[in-house]
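Sequence and coordinates come before the text.

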Amino acid sequence: MKKDFEPDQANSRQKADKVNDFCMTVCSVNGSGSATANSTLLRSLFHMGIPVSGKNIFPSNIKGLPTWFSIRVSKDGYLARVAHDDIIVQMNPMTFEKDLDYDVPGGVVFYADHIDMPIHREDVVAYPMAVKDLIKEANVPRDLRDYMENMIYVGVVSQMLGIDLDVLHDVLLRQFHKKQTVAESNFEIVKLAADWAKDNLEKKDQYRVETMPPLDDYIMTDGNTAGALGAIYGGFQFCGWYPITPASSLAESLVTFAPRLRKDPETGKNNFAIVQAEDELASIGMAVGAGWAGLRSMTASSGPGISLMTEYMSLAYYSEVPLVLWDVQRVGPSTGLPTRTAQGDLTLNYFLGHGDTNHLILIPSSVSECFDFGWQAFDLAEEFQTPVIVLSDLDLGMNLWMTEKFEYPDQPINRGKTLWEEDLDKITKDWGRYVDLDGDGVPYRTVMGNRHERAPYFARGTGHDEFGNYSEDPDVWRRILDRLKLKFENARERLPKPAVRKFEGAKIGLIAMGSTEHAVIEAQDKLLQVGISTDFMRIRALPFSIEVEEFVRGHDRNYVLELNRDGQLHQILTLDYCDMTHRLISLSYIDGLPMTAGYVIESVVEKEREYHD
Amino acid sequence: MTDARNDVNQIGLTRSDYRGERSTLCPGCGHNTISAQIISACHEMDLDPTKIVKFSGIGCSSKSPTYFLGQSFGFNGLHGRMPSLALGAAFGDTTMKVLGVSGDGDTASIGLGQFKHLIRRNLPMVYIVENNGVYGLTKGQFSATAEKGLELKHQGKNPFLPIDIAKEALIGNASFVARSFAGDPKQVRELLKAALSHNGTSVLDIISPCVSFNNREDTLHSYQWGRQHQAPLHDISYVPTRNAIILDEFEEGETKEVTLHDGSVVILKKLEHDYDPTDKWQALKILEEAENNNWLVTGLIYVDPDQPSLYDYLNLTEEPLNRIEADKLRPSAETLDRINQSMV
């Protein structure tokens, strides 16, 4: 979130009435159909102009286990998770007691009144919701009752918080793609519940919402959809993929959008191919094949799949095949927590492969940046003739975010140094696939189908010389590996530069990557309020550019905040800047949930206290 | 047909234009015979080497693509994972012929999954397994196609039943399955031609003896055993469309003809028994009988010329994907405006 929503100091001091500033969590049973209800609430708030974010904390399960959906409403535009709830909407008896512990003093609980359990908190406002009675009254068909129960809480909560029912009605129409009767039958229940609440519940809490100026420059979607669209506008031509949480929806979005957007206007035929592979060993193999054959090629996976892809990524690095690999990170090691978020695959990806391997990595922090990196990754992969890994995560990839509108690419497609028949005719020098004609480490490539007599070569993962011939010559091996290193070094300044958010006089640096940006920005503002001025650098790519080094050098202490146990970004920073390890302090942890500003503030304040003691 | 070995073919190329580098495999290796037949088949079929692309996995067999078609692009991939590499690359230009060479170590162990899935998708490509029952490059370990009871130096006796590649292909719904023997170069060559004309995955399981580690006369993958036990299903000849007149040379009743997707014809001259390679049940039966009776059954075991190929499902542009201009790959700014409008 950018500066549009600078914290309004005057408002945040008003404690009496909490307007457009709270977190509400809906607790329900997985598979009960609450997703539509939650998304309706989220989108209605967004349409009222209120900055909002939604986080689905869900189990690795299809039906029956508890699931939570948190909606953060923030007039200041903060989108990060918060650890505690102001409002709980309780539909699940299994978690009734425990969830209540997360409510803040003075908080609210809405609960389905058939959950017959004692409320052990006296410092919260409790509102029963006559879910079953209202469903009976509305005469809902039996097979739709469980689903429609969710629309009851939508109505009650909307009434009690002041969500505009006209806006909600519009949102339902949009959500059901203008299937008017379905939308109307949903709205009927919402209206019934809202009217019931108006007549039966007395407002005793401080939380409410108010319409704000429209969020015209924003849209609401998830990072996987954005990444797929970015790829489509980046000219992707091939995707081999294999289902895995939380990456599946990226490839599935390609399947949805590519046929609409990427048909040849004259023939109506596809200028792309998507193949669901038998596993990740095959999906990466297909991607390498297509990249080698001159297609803009990609695949998407997550930790376990990336592990399986290791050997082909090593081959792609050494045989210099461009491709784009999305890692939508989940929690590892091993199968780990498949439905929770993490930033634990950074070192895995950076060095993915045996022998000396390094990869270029892009790390988006927002949904709109997933779109940007979605197309930029192809240009970089083909410019440097090497795989580019885009490191997203479950929080960014699968959750709904308000984000800046997608911006049309401002650069033409760059296919890199690729030679066709007429290009080879012009090259008089002794061209070979791996000859460094320009001295920048990037050779010129030909692709299959090029019928020039000098074009063909035999690509291989075994030792090869500048002409692609098999070679075990020690000098050749060293020369080729050194050139690959040169190419990698030259990429540093071509990759996206870090994003820096500075405050005057700050001697403390905060360093983070990816979706934790939102927690860090919020913490930065709040730290300033308690007298700690910080600068924030968000790393957007690896290997690091010179700006990263300058930032680290420019701060006495740099706290590196990340969602993994071992501080992987910190590890790579200390590898690159071994003379500045005293300036780099790791503040990493992993529990599967998105980072909160609270964590950043507490851990930085504690460390600062240690320095001042 | 005339021996075109030293002739200039219809596209003006001699046989040596189809050669590759000098083989570094052992002298007498069956794989070298197969490379030679690939060269001959492509030359005799007037194929343009710039319209062929080669792939391989890892092992002795997989080294061989550098020994033929030196004017073709090629990619030597990973162990058992050539099918995925070839499949992705094939989309670069679907007008090209795809030729893959694997071995029994490459296909029947780590590669079994990709092999079966390649077949299931029916990607138009020739998939050759140079099958010798042994790991050569790592010096003589059992492969998964080694027969039960095979004894190898340093390895002892193989206690397990083998994987039969032709059977695996057949059960996996392959549209073209053949078995041959490197000791029968003419049959290898004719089967290769048919495979190169087939619109789908053509599996050629070729027994290709390893002279260094598994060529004892009494073992199943040796030259001598093969020569003594080979039981060809038919005498196979490939006739390209333009030579249709040749069809008249074959006596009626003695032959079976199979017309392939490109109009070429495979003529199968009857030997001892009637055999119909379009009958899958008969194909399975003959493989089972062969195993029980110690026959090396060779020839075109099964073919379904009309099974749809992978390309048929994807509605691709005629123009090779890898030649499409960059500006055609990026949708217009207006389309993105509409997407933005739909996401509020």
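P246(A) is found in the loop between β10 and α9 (248-261) of chain A; helices (H or I, at least four residues) and strands (E, at least two) are DSSP runs, numbered from the N terminus. The peptide bond from T245(A) to P246(A) is cis, with omega near 5 degrees. This is a predicted model, in which local features need pLDDT of at least 70, side-chain atom pairs count only at pLDDT 80 or more, and totals for chains, interfaces and linings use all residues. Residues are numbered from 1 along each chain as its sequence is written, while chains are lettered from A and ligands numbered from 1 in the order in which they are written.

Another cis peptide bond runs from G332(A) to P333(A), and P333(A) lies in the loop between β13 and β14 (337-341) of chain A.

| Site | Torsion | Value |
|---|---|---|
| T245(A) to P246(A) | omega | near 5 degrees |
| G332(A) to P333(A) | omega | near 10 degrees |
| N139(A) | phi | near 60 degrees |
| N315(B) | phi | about 50 degrees |

N139(A) belongs to the loop between α4 (131-137) and α5 (145-161) of chain A. N139(A) is exposed, with 6 other C-beta atoms within 10 Å. For burial, C-beta atoms are placed from the backbone, and a residue is buried if 20 or more other C-beta atoms lie within 10 Å of its own, exposed if 12 or fewer, and partly exposed in between. N315(B), in the loop between β15 (296-303) and α10 (333-342) of chain B, has 13 other C-beta atoms within 10 Å and is therefore partly exposed.

**Buried parts of chain A**

Strand β13 (residues 323-331) of chain A has 9 of its 9 residues buried, so it is largely enclosed by the rest of the structure. Strand β12 (residues 297-301) of chain A pairs with β13(A) in the parallel sense over 4 bridges; pairing requires at least two bridges found by DSSP. S301(A) has D327(A) in β13(A) as its bridge partner.

I88(A) is in strand β5 (residues 85-90) of chain A. I88(A) counts as buried because it has 24 C-beta neighbours inside 10 Å. Leaving aside neighbours within four places in sequence, I88(A) is in contact with residues including T25(A), C27(A), L100(A) and V109(A); contact means that the C-beta atoms, placed from the backbone, lie within 7 Å.

Which residues touch the most other members of the largest nonpolar core? They are Y153(A) and L204(B), in a core of 267 residues. Such a core is a set of buried Ala, Val, Leu, Ile, Met, Phe, Trp, Tyr and Cys residues joined through C-beta atoms within 7 Å. The largest share, 10 residues, comes from helix α13 (residues 367-384) of chain A. Not counting residues up to four places away in sequence, Y153(A) touches V26(A), A37(A), V89(A), M91(A), F110(A) and M129(A). A second, separate core of 10 residues includes C29(B), Y135(B), L150(B) and C210(B).

**Between the chains**

The contact between the chains takes 55 residues from chain A and 46 residues from chain B. On the chain A side, α10(A) gives the most, with 9 residues. By class, that side has 31 nonpolar, 14 polar and 10 charged residues; Ala, Val, Leu, Ile, Met, Phe, Trp, Tyr, Cys and Pro count as nonpolar, Asp, Glu, Lys and Arg as charged, and the others, Gly among them, as polar. β18(A) and strand β2 (residues 73-76) of chain B pair in the parallel sense over 3 bridges. There, A459(A) has F75(B) as its bridge partner.

**Chain B**

Chain B has 10 helices and 15 strands, and 53% of its 344 residues count as buried. Its C-alpha trace spans about 75 × 55 × 40 Å along its principal axes.

An open sheet of 3 strands in chain B has the order β12-β14-β13, with antiparallel pairing. β12 (234-239) and β13 (255-259) of chain B stand at the edges with a single partner strand each, so one side of each is left without a neighbour in the sheet. β12(B) is joined to strand β14 (residues 265-270) of chain B by 6 bridges, and Y238(B) stands opposite V266(B) in β14(B).

Terms used
Two residues are in contact if their C-beta atoms, placed from the backbone, lie within 7 Å.
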